[in-house]
Amino acid sequence: MVQFDGLLPSAYCRFLREANGAECGPSDGEGDSLRILHSSEVWDWNKGYELWTTFPFILAFASDGGCMTFAFDRSADQDPDGWPIVMIDVGDQSDLTLAGASFAEWAAAGYPIPEAVYDELPSTEVESREK
């Protein structure tokens with residue numbers, strides 16, 4: 001396994017050593033799950049969505065199962081443990097939404113998906129997420 005310690009947040013490195021990817025969600029519907037990518041998928045995911053052309057400072061590592069991707073904002077701090085978690089719509093790539101102050105804090109909070117992201121969903125989809 002490639003050693004990323006010092007290059008990526010330490011909590012994320014621990015996660016990769018323990019699980020190296022995960023997927024969960026209330027109904028496995030598009031946009032209501034969390035899929036943290038296997039380490040071997042991260043490069044292709046970023047390359048495939050060309051996220052670096054719009055946000056050269058981000059590194060995507062997860063998806064909500066729909067159009068949103070989770071990424072490290074590498075511009076926020078030189079120390080990887082200080083990189084916030086942001087969400088990006090891979091379709092329009094026009095805005096970043098803060099999901100967590102760091103990977104460690106986001107993980108400790110249970111990997112929440114910000115509700116603000118779902119403001120534009122039809123009310124039936126939002127209600128089904130709350131059940």
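**Cysteines, overall fold and the setting of Gln93**

Cys13 counts as buried, at 3% relative accessibility. Buried means under 20% relative accessible area, exposed over 50%, and partly exposed in between (1.4 Å probe, protein chains only). Cys67 is partly exposed, at 38% relative accessibility. The structure holds zero disulfides, a disulfide being a pair of cysteine sulfur atoms within 2.5 Å.

The model is predicted: local features need pLDDT of at least 70, side-chain atom pairs count only at pLDDT 80 or more, and totals for chains, interfaces and linings use all residues. Residues are numbered from 1 along each chain as its sequence is written, and side-chain values use heavy atoms, with hydrogens and water left out.

The protein chain has five helices and six strands. These are DSSP runs, numbered from the N terminus (helices H or I, at least four residues; strands E, at least two). Their order along the sequence is α-β-β-α-α-β-β-β-β-α-α. Of the 131 residues, 40% count as buried.

Gln93 sits in the loop between β5 (85–89) and β6 (96–100). Gln93 is buried, with a relative accessible area of 11%. A polar atom of its side chain lies 2.9 Å from the backbone oxygen of Tyr49. Beyond neighbours within four places in sequence, Gln93 is in contact (heavy atoms within 4.5 Å) with Tyr49, Glu50, Leu51, Thr54, Phe55 and Ile88.

Note on methods. Polar contact = N/O pair within 3.5 Å; in protein donor to acceptor, adjacent residues only side chain to side chain.
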